[in-house]
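I opened my notebook to look up a few packing details in this chain. Here is what I was working from.

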Amino acid sequence: MNLNSLDLNLLTALDALLREASVSRAAMRIGLSQPATSHALQRLRDIFGDPLLVRTGARMELTPRAHTLRAPLAQALDQVRGLFVPEEFDAARSERSFRLMMPDLAVELLMPPLIEKVTRLAPNVRIDVVPWRGPAIFHAEFARTIDLMISIGNAFRGFHRQLLYTDSDALAVRRGHPAGARLKRRDAFLTARHVGVIIRGQPEDLIDTWLRSKGIERHISLVVSGYLEALHVAARTDLVAFVPRRLIAALSKQFGLVTVAPPLDPGIDEQFMFYPTRAQMDPGSIWLRRLMLETGRELEKRGS
């Protein structure tokens, strides 16, 4: 193909069409009229010699050729956009949006102090937080939409990681719980009724994985998908929540909770900040990472 004859705006239209699988939604995504987007699709069909989008009943679906184009096209457009990234990030004037993925406990512990800094330094910057969805979602296309991620565990492909803060796990019970401090004893811990936390993308509560390695099974009466839900339940019932200690401390007064040391110590949890390799030198990403690391260090200094 003679690249001199190719309108590069067609690549932006193609990216939108492949992402949306809809001419009308693609038009809205790139700010063109629907007729103009339909015309672009026809030109793309001629260029590739493939229909790209075909109607199936009330829907449009991508052809096999279109599916193979999605990832390399998005990567190429990212590289082109990177050519125009400014050398400096003017936080005070920026209207940039950052997309962060993290579990609910990280939102509770990190976002209030982080957003206070962002509001002071960059009042027009927007932070979008999406819930943790598990490692299975980290295919290349999804990973490109994330600017920062908070998680435990190993590195994810295409991301760098830095230690953010450490934590440990403890038992949370309502003030006045009939078992109370007795939960420090192994027999009371095993007879208590627990609320488990299975975060999306995990097969079970990580505490149970660890306990099973010790040959121990606790009595799970309820399973929820987040740590905040577990604390809400523990605050209003006699169920016991085995959750990160810092989260209990942050909400103990508000929820009427008491922290009890478990009879077995799972050790130290490490929470990491992950950021895309592609954004390593991006000034906006560097600015946000510095703020997040500062927030993590402040949390670490406050202890648990």
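My entries follow, one topic at a time.

**Ground rules.** I am reading a predicted model, in which local features need pLDDT of at least 70 and side-chain atom pairs count only at pLDDT 80 or more, while totals for chains, interfaces and linings use all residues. I number residues from 1 along each chain as its sequence is written, and side-chain values use heavy atoms, with hydrogens and water left out.

**Helix on helix.** I began with H5 (residues 104–121) and H9 (residues 227–236), which pack at an angle of about 90 degrees with their axes 7 Å apart. My helices (H or I, at least four residues) and strands (E, at least two) are DSSP runs, numbered from the N terminus. The axes are lines fitted to C-alpha atoms, for helices over the stretch in contact, and angles run from 0 to 180 degrees between N-to-C directions. H5 and H9 are therefore roughly perpendicular (65 to 115 degrees; under 35 is roughly parallel, over 145 roughly antiparallel, the rest oblique).

Which residues make the contact? From H5 I noted Asp-104, Leu-105 and Glu-108, and from H9 Tyr-227, Leu-228 and Glu-229, taking contact as heavy atoms within 4.5 Å. By class I have 3 nonpolar, no polar and 3 charged residues. Here Ala, Val, Leu, Ile, Met, Phe, Trp, Tyr, Cys and Pro count as nonpolar, Asp, Glu, Lys and Arg as charged, and the others, Gly among them, as polar.

Further along H9 I stopped at Ala-235. Beyond its neighbours within four places in sequence, Ala-235 touches Arg-174, Phe-255 and Leu-257. From Ala-235 to Leu-257 the C-alpha distance is 6.1 Å, across 22 residues of sequence.

**Rings.** Next I went through the aromatic pairs, and the count is 5. Rings of Phe, Tyr and Trp (its six-membered ring) pair if their centres lie within 6.5 Å; planes under 30 degrees apart are stacked, over 60 edge-to-face and the rest tilted. I looked up Phe-89 and Trp-287: the centres are 5.1 Å apart and the planes at 40 degrees, so this pair is tilted. Phe-89 lies in the loop between helix H4 (64–82) and strand E3 (97–102), and Trp-287 in helix H11 (residues 283–301), so the pair ties together parts 198 residues apart in sequence.

Are these two buried or exposed? Phe-89 is buried at 19% relative accessibility, and Trp-287 is buried at 15% (buried is under 20% relative accessible area, exposed over 50%, partly exposed in between, with a 1.4 Å probe and protein chains only). Together with Phe-98, Phe-89 and Trp-287 form one aromatic cluster.

**Charges over rings.** I also found the charged end of Arg-161 over the ring of Phe-272, 3.9 Å from its centre. The charged end of Arg-289 sits over the ring of Tyr-275, 3.8 Å from the centre. My test is NZ of Lys or CZ of Arg within 6 Å of the ring centre and within 35 degrees of the ring normal.

**Positive phi.** Ala-21 is not a glycine, yet has a positive phi of about 55 degrees; I located Ala-21 in the loop between helix H1 (9–20) and helix H2 (23–30). Leu-52, also not a glycine, has a positive phi of about 65 degrees. I placed Leu-52 in the loop between helix H3 (34–48) and strand E1 (53–56), where Leu-52 counts as buried at 1% relative accessibility.
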